[in-house]
Every structure is written in C-alpha cells, then in structure tokens.
Amino acid sequence: MSLRLQLDPKLGVGVDDRLRRVLVDTARVTRQIQAPPMLKVALESADFALSATTSTLVQFDSLYHDTHGWWDATAWRYTPKQAGYYLCSWCLTFVPLGSVVSWETRATMQESGVTMCETLNLSANGGLTYATLAGSTIIYCDGSSSYLELYAYSDAATDVASTLGRSQLSIGYMGDNQLK
C-alpha cells in the first residue's frame with residue numbers, strides 16, 4: 001500500500017470530515033507501530049577517552065534514531081523488546097593522546113555480555129596517527145533479556161580518544177526468520 005493511501009484513505013464523496021480525520025490518524029499510528037526497530041547513535045558532544053589496555057563500553061552521546069525507545073542512554077546499551085535477528089554495524093575512529101610506536105585497537109560487539117564479533121586494527125612502526133574500526137554482524141535477540149553493547153580496547157601505552165563525528169553504531173531489525 002502506498003504511503004499516500006495510508007495517510008489519505010480514499011473515501012467516497014459525502015464522508016463525514018470527523019470520520020476522515022479518525023481514519024487518517026489511525027493510519028499514521030498504524031504506520032508508526034509497524035515501523036521496524038532501528039537505532040543510530042554517535043559520539044558527537046565530547047571526546048570519549050579510552051584508557052590504555054582496558055576494554056571500555058563505548059558511551060555514545062548523540063541519539064539520531066530510536067524508533068521504539070529501547071536505547072538506554074545511561075547504560076549505553078540497546079535492549080530489543082522484539083525477538084529476531086538484528087544487523088549491528090559500527091565505525092569507531094581513535095587517535096592516540098601521546099607518542100605511540102605501534103598499537104592495536106579492537107571493537108567488540110556483545111550480546112548480553114558475550115562477544116559476538118570483534119574487529120581489529122594494528123598499526124605498526126608508528127605508521128598511522130589514527131585507527132578506524134568498522135564492522136558488522138547479525139545477532140539474534142530473544143526480545144526479553146538480550147541487550148547489545150559495543151566495547152573498545154587499545155593496547156597503546158597511552159590513552160586514546162575518539163574523534164567526534166566519526167564514531168557511530170547502527171542497529172536494525174531484520175525479522176524473526178531471515179536466516180532460516
């Protein structure tokens with residue numbers, strides 16, 4: 001059904017305006033309820049410090065989209081209330097805050113505390129002044145107790161910080177039977 005038909009039902013001539021408004025409002029609410037769960041968060045407001053040799057939960061501070069309100073901005077986790085498969089994609093960019101000869105950075109996507117996917121970037125001989133970690137994975141969530149978090153790690157002998165506007169996480173619902 002087209003968006004126009006959902007928002008402006010084709011009703012015959014002489015239909016009461018109140019009934020037309022109720023039907024249009026119902027169509028809008030129905031479309032919002034049927035929207036698939038989706039999340040996009042980013043680091044925009046402040047640098048995120050990553051302590052040397054410590055795996056740290058990434059504290060995304062800007063919410064772009066959360067269609068169902070499942071993002072917890074204080075625990076920095078997404079708790080899907082609908083069972084099914086979710087596509088999780090991320091990109092993190094870090095710069096060292098001190099002198100580094102070589103360093104390794106990792107991003108780890110976790111479901112309820114269990115590592116589901118890890119991306120790695122190794123910079124040897126001081127060749128890179130930044131590290132970008134990008135990855136994606138499909139994770140099944142049970143719709144009740146599952147939650148998704150992104151962690152970052154650096155083995156540099158100095159702290160590193162994210163660069164604003166270049167670190168983000170997106171999660172989208174794929175359905176409950178897409179991989180069967």
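A residue counts as buried under 20% relative accessible area, as exposed over 50%, and as partly exposed in between. W76 has 24% relative accessibility, so W76 counts as partly exposed. The model discussed here is a predicted one.

Where does W76 sit? W76 is in the loop between β5 (71-72) and β6 (77-78). Its backbone deserves a look. Phi of W76 is near 55°, a positive value in a residue that is not glycine. Most residues other than glycine have a negative phi.

The loop between β8 and β9 (114-123) holds S112. Is S112 buried or partly exposed? The relative accessible area of S112 is 27%, so S112 is partly exposed.

## Aromatic rings and charges

How many aromatic pairs does the structure hold? There are 3. One of them joins W70 and Y78, with 6.0 Å from centre to centre. The angle between their planes is 50°, and the pair is tilted.

K40 lies over the face of Y64, 4.9 Å from the ring centre. R77 lies over the face of Y147, at 3.7 Å from the ring centre.

## E104 in strand β8

E104 is part of strand β8, which covers residues 103-111. Its relative accessible area is 15%, so E104 is buried. Which side chain does the side chain of E104 contact through polar atoms? The partner is the side chain of R106, at 2.5 Å.

## A152 in strand β11

A152 lies in strand β11 (residues 148-154). With a relative accessible area of 1%, A152 is buried. What does A152 touch, leaving out residues up to four places away in sequence? The contacts include L50, T54, S55, T56 and V58. L92 and F94 are also among them. R106 and A107 belong to the list too.

## Cysteines

How many disulfides does a search of the whole structure find? The search finds 0. A disulfide is a covalent bond between the sulfur atoms of two cysteines. For C141, the closest cysteine sulfur is in C88, at 6.7 Å, so the two are too far apart for a bond. The cut-off for a disulfide is 2.5 Å between the sulfur atoms.

C141 is buried, with a relative accessible area of 0%. C91 has 22% relative accessibility, so C91 counts as partly exposed.

## Strand β13 and its partners

Strand β13 spans residues 168-175 and pairs with strand β1 (residues 38-42). These two run antiparallel and are joined by 5 bridges. Within this pairing, A42 has Q168 of β13 as its bridge partner.

Strand β7 (residues 84-96) pairs with β13 as well. How many bridges link β7 and β13? There are 7, in the antiparallel sense. The bridge partner of S89 in β13 is S170.

## M174 in strand β13

M174 is a residue of strand β13. At 28% relative accessibility, M174 counts as partly exposed. Leaving aside neighbours within four places in sequence, M174 is in contact with Y85, Y86 and L87, among others. I138 is also one of its contacts.

How far apart are the C-alpha atoms of M174 and P36? They are separated by 8.1 Å. Along the chain, M174 and P36 are 138 residues apart.

Key: Residues numbered from 1 in each chain as written. Predicted model: local features only at pLDDT ≥ 70, side-chain atom pairs only at ≥ 80, totals over all residues. Heavy atoms only, no water. Phe/Tyr/Trp six-rings, centres within 6.5 Å; stacked < 30°, edge-to-face > 60°. Lys NZ or Arg CZ within 6 Å of the ring centre and 35° of its normal. Helix = DSSP H or I, 4+ residues; strand = E, 2+ residues; numbered from the N terminus. Buried < 20%, exposed > 50% of the residue type's maximum accessible area, 1.4 Å probe, protein only. Polar contact = N/O pair within 3.5 Å; in protein donor to acceptor, adjacent residues only side chain to side chain. Contact = heavy atoms within 4.5 Å. Pairing = 2+ DSSP bridges.
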